[in-house]
Amino acid sequence: MALAVIVPAFFGGKIVMNTPIVNKSGTTSNTPILEMRSITKTFPGVKALSDVTFQVAQGEIHCLCGENGAGKSTLMKVLSGVYPHGEYTGDIVFGGAVQKFATISDSEKVGIAIIYQELALIPEMTIYENIFLGNEIKKNSFMIDWNETIKQANEAIKKVKLSVNPEAKVKELGVGKQQLVEIAKALSKNVKLLILDEPTAALNEDDSKNLLQLMRDLKGHGVTCILISHKLKEVVEIADSVTILRDGQTICTLSAKKGEISEPALIKHMVGREIDNIYPKRAHKRSDEVVLEVKKWNAYDPNLGRDILKDVNFNIKKGEIIGFAGLMGSGRTELAKSIFGNPGGYHLKGQIFIKSKEAHLSHPHEAISAGLAYVTEDRKGDGLILMQDIKQNITLANLWEIADRGIVNGNAEIKIATEYRSSINIKTPTVEQRVSNLSGGNQQKVSVAKWLFTKPNVLILDEPTRGIDVGAKFEIYTLMNKLVEQGMSIIMISSELPEVLGMSDRIYVVNAGRITGELPIEKATQENIMELATS
Amino acid sequence: MSFTQNLQKVLKENIREYGMYIALFVIMAIFAVTTKGTFISSRNIANLLNQTGYIAVLAVGMTLVIVIRHIDLSVGFLAGFLGAVAAIAMKTWGVPAIIIIPVVLALGALAGLIIAYPVAHLGVPSFVTSLAGWLIYRGAILWVTAGTGTIIITDPVFTAIGNGFIPDIPLGILPGVHKVTLLLGLIGIGLFIYSEFSSRKQKEAYNFEVLPQNIFFLKLAFVSALIAAVTWVLAGYNGLSWTVVIVLIVVAIYHFVTTQTVLGRHIYAVGGNPEAAKLSGINVNRIIFIVFGSMGMLSALSGILFAARLKSATTTAGTLFELDAIAAAYVGGVSAAGGVGKVTGSIIGALVMLSLTSGMNLMSIDISAQYMVRGVVLAAAVIFDVMTRTSGK
């Protein structure tokens, strides 16, 4: 039974209201291409947007920042017609006219294109088919002109500086290139306003840089961009203006020209207070008790037909956080999965020692019994069961704990879930809320709670803060510190170097399936990690 | 909050769950009027329930198969084939019913496991595997009945399963009414009220939210009245049939397993997200084997019920059973995307579909129109389900 839903204010901080600042000079003109006035959007029981004002000048790169649940995605869905006119109050003025979009195609017609974090490409189709999907070039009223399609696709991918054969299938491309195909697709529709929803969340450093450069080029060609991003560093780097939302309200708009954009300023406005150090301090304790050791670990993936891990050796001690740094696709996730009962069916060679005893873990349930836990990188894909509620997700990996002769004690389950809700601050009115209704940060907390409930000795966190906001990140870091102080050991896989440096006691760098370096925290720097990761 | 507000809120929040019950009620009411009461006569209701039996047990198994994102098309002819095997064993070899029934059930489970093997270990889609099974069992029925054609079953124990009623005790009161059935109905009401109270008390002890008190009593009264009404109607004919008893036992077991046990949870987890289930330590292949094994066993039960009802095994037994079972499951709210669906819902779905057939037969509506009406009802039920799901919590 659902309760009335009330979203609690994140930190309860007071709301700083500034007048929106609009650029008056420079390359960008001051005529707004887009004005959203007094937008209010309510869901049953929740006011997702409350009197939001949002103004984007012609030809600028405008970043939209805010914690998860602040209303960024909702605002963009209102703009793109996902929530049609009539389901919200307020006005959208685009290109000088009030717009009443009933569908996404209405907004596309006037030149608004949105690219979501989850890419909307069809993997089995070729690049050119994808680019012109839904917008086919026709010879006559019913036949597609494939030659013209390929020719125009070639031009489109040149614009985004993608050097691949347009006849390749999309599934053969990496995430970064797929993103570029999406942008090429948007450009082929003569887009005037391009909205990118966390485009770099899944990209490595190089691909991110390329993407940001591409945005600058597009700006040079008069395309206005709205960028939603949690990576404040890139926001500072690229934004002409930043609008910050918190709890469904516009907090302020900052301008680069006036020098108002900096990481501390953004964080301050996003959370409503200043976070002195996003990585909470912890004493680096020294223990010599090795809880997990992996020796001469090799893996061959029969699906890919190649070796994915080569002679990997590492160990982790009690109460230690070790960081696995490296680029995307370097084999870190595969390493974690191969240890965690090998669900991918790799052919393995090597030894695992748990508390100095050799272990053979041939299924995740054996890994769980051996005291391992693995919080996956992809919450929605293989972490959570989205259609089930919070309590069912939390207890799933350890149902026997609350079962008597195979019969689940439903009340004990609610009790346990409620305890985790308060101890790690999952923001929800009830643990019977479906997980699909939670924000990314809260979903991540449910994922973590699920694995804490298995009472592990070694917790593997794969990209624990991907796509979640600063406040939730800080909570996860604080929780990690608490756990290691209680004697748990944590393996953290992360593509964000500051996070690896901020949280680890020791760092292993993974590169192309090998461990190319082990660095004690005192000796690790962004530079030497990147060197080991890319050499 | 006032009573009506409470009621509105509860109905609104549970519209998906109650929707089917309301639909069944409406369909029955319509037929009661159009057939001038014949539809809700004791005799017709008893017949209706007995006819629903062999589809209902299939629908129960199919619910789980669809929940784990698979399908089993082979169940109809598997039921027919195993019914024929039972008939031959009794008639030709003189095996008593009491022995052949468990043997056939075991054979059914084995058949299910065979379908599951390529699905679980080789990743062959269950649609294809079970389609192959459909062809094989179709051939198998024709093969075993080739020499004899229809095989008449005379074993009294076996035929009682499809046609018999539970015995009554002569008490000398209420002539023409089945006393044991009434007594069982009363016990049923008592158990229901007791379990509702004890679960409410437990929830209150944990400080969890419970239904508002007036709504709670309304629910108790309504369900009790429903059980009483059905019992009374059945008691007015011959009482509870063995078929209904068997279906009730099957539903009770499956309802318990799916809602209260670790196994049930694991089944729904595999349906909801197989990858996440695997990483959570669940043996996905084992779940596939269990679900298909249970489906096979229920197919055997369905075959037994059908053969017992006809007192014979025919060459066409089982035709289209699989589609009736799948339709019942979908009408009952099972989601094709996996992970969602209740056993009790599928039973209601089966009742809805069979009520339509029975009602339209009584109204002498042509078979061509009957199929179309059933098609429309199936589509409407799924559309309603999808629409309420997207707006649900």
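How far apart are A:Lys151 and A:Glu148 in helix H4 of chain A? They are three residues apart in H4 (residues 146-159), so about one helical turn separates them; helices here are DSSP runs (H or I, at least four residues) and strands are E runs of at least two, numbered from the N terminus. This is a predicted model, in which local features need pLDDT of at least 70 and side-chain atom pairs count only at pLDDT 80 or more, while totals for chains, interfaces and linings use all residues. Residues are numbered from 1 along each chain as its sequence is written, chains are lettered from A and ligands numbered from 1 in the order written, and side-chain values use heavy atoms, without hydrogens and water.

**Salt bridges**

- The count over all chains is 27 salt bridges (a side-chain nitrogen of Lys or Arg within 4 Å of a carboxyl oxygen of Asp or Glu).
- A:Lys151 and A:Glu148 form one of them, with the closest N and O atoms 3.9 Å apart.
- A:Lys151 is partly exposed at 46% relative accessibility, and A:Glu148 is partly exposed at 24% (buried means under 20% relative accessible area, exposed over 50%, partly exposed in between, with a 1.4 Å probe and protein chains only).
- A:Arg282 pairs with A:Asp505, the closest N and O atoms being 3.0 Å apart.
- A:Arg282 lies in the loop between helix H8 (263-271) and strand S11 (290-301), and A:Asp505 in the loop between helix H16 (497-503) and strand S21 (506-511), so the pair ties together parts of chain A that are 223 residues apart in sequence.
- Both A:Arg282 and A:Asp505 are buried.

**Helix H9 of chain A**

- Seven of the eight residues of H9 (residues 332-339) are buried, among them A:Arg332 and A:Leu335.
- A:Arg332 also belongs to a network of salt bridges with A:Glu377, A:Glu463 and A:Arg466.
- A:Gly341, with a positive phi near 80°, follows H9.

**Contact between chains A and B**

- Chain B gives 30 residues and chain A 41 residues to the contact (heavy atoms within 4.5 Å).
- The buried area is about 3,000 Å², with 60% from carbon and sulfur atoms (the accessible area, 1.4 Å probe, that two parts lose on being put together, summed over both).
- One salt bridge is counted between the chains: A:Glu413 with B:Arg265, at 2.6 Å between the closest N and O atoms.

**Cysteines**

- The disulfide count over all chains is zero (a disulfide is a pair of cysteine sulfur atoms within 2.5 Å).
- The sulfur of A:Cys65 is 5.7 Å from that of A:Cys63, its closest cysteine sulfur, which is too far for a bond.
- A:Cys65 is buried, at 0% relative accessible area.
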